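Look at the model below. Then read on, one part at a time.

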Amino acid sequence: MSLFRDDGIVLRTQKLGEADRIITLLTRRNGRVRAVARGVRRTKSKFGARLEPFSHVDVQFFARGGELIGRGLPLCTQGETIAPYGSAIVSDYERYTAGTAMLETAERFTDHEGEPAVQQYLLLVGGLRTLAAGEHDPRLVLDAFLLRSLAVNGYAPSFDDCAKCGMTGPNRFFSVGAGGVVCGDCRVPGSVVPSRESLELLGALLGGDWETADACEPRHCREGSGLVAAYLQWHLERGLRSLRFVEK
């Protein structure tokens, strides 16, 4: 029997029995963890209010073996709020739908429980902090998070130089299967020709250039979001359920 402590973001919750929940978190040191929180669905439980999606919490786990991830689910026995991002996110529909897509993305990219995913964890914390602050359009925050999540998982798209031969950009054609923009010689069937402004926007979001991103016209934002969604779906091999609710 062992105690473990970690901080993490609550990704989702599931009902268990009459008063319990299974809490899924993305933690700093242990990656994705599922744990049982007993009694949190009772109306007087203050502990349960801390374990809602979007919450950044410091949690203590109780596991029966010497490792956190074993044959059975550990118990989540304590939880202290680090940052209640949910209070600002759930009160606004655009922020809520974008945030939900971010949580689903983080869970999809951490499909093996107990494997550390520090970069993905830090991206999620930063993304939710930015989303809750309301300093940028929620759709732009989401697209920036999706692009950077793809990058840290080895799928960084190219928006300037050819993704196949490396020819110096700018290049016109975009192919999700080829890894981003491609030159005329490397063009493959199914390539599209997005506007240069849309590609510049995506490059700015990937690189953290918010001044350029915030100045982008809505039509280019919509086109860029479509490219990000298609690229993400290609590499995840299926789309995100929550993306359909994000306002275009």
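## Helix 4 and its neighbours

The buried residues of helix 4 pack against strand 1 (2-16), strand 2 (20-27), strand 4 (55-63), helix 2 (85-89), helix 3 (93-108) and helix 5 (138-152). Packing here rests on contact, meaning heavy atoms within 4.5 Å. Helices (H or I, at least four residues) and strands (E, at least two) are DSSP runs, numbered from the N terminus. Among the buried residues of helix 4 are Tyr121, Leu124, Gly127 and Leu131. Buried means under 20% relative accessible area, exposed over 50%, and partly exposed in between (1.4 Å probe, protein chains only).

This is a predicted model: local features need pLDDT of at least 70, side-chain atom pairs count only at pLDDT 80 or more, and totals for chains, interfaces and linings use all residues. Residues are numbered from 1 along each chain as its sequence is written, and side-chain values use heavy atoms, with hydrogens and water left out.

## Length and end of helix 4

Helix 4 covers residues 118-133. Its 16 residues should span 22 Å at 1.5 Å a residue, and the end C-alpha atoms are 23 Å apart, so the two values agree. The expected span is 1.5 Å times one less than the number of residues. Just after helix 4 comes Gly134, with a positive phi of about 70°.

## Thr97 in helix 3

Thr97 sits in helix 3. Is Thr97 buried or exposed? Thr97 counts as buried because its relative accessibility is 5%. Leaving aside residues up to four places away in sequence, Thr97 touches Phe245 and Val246.
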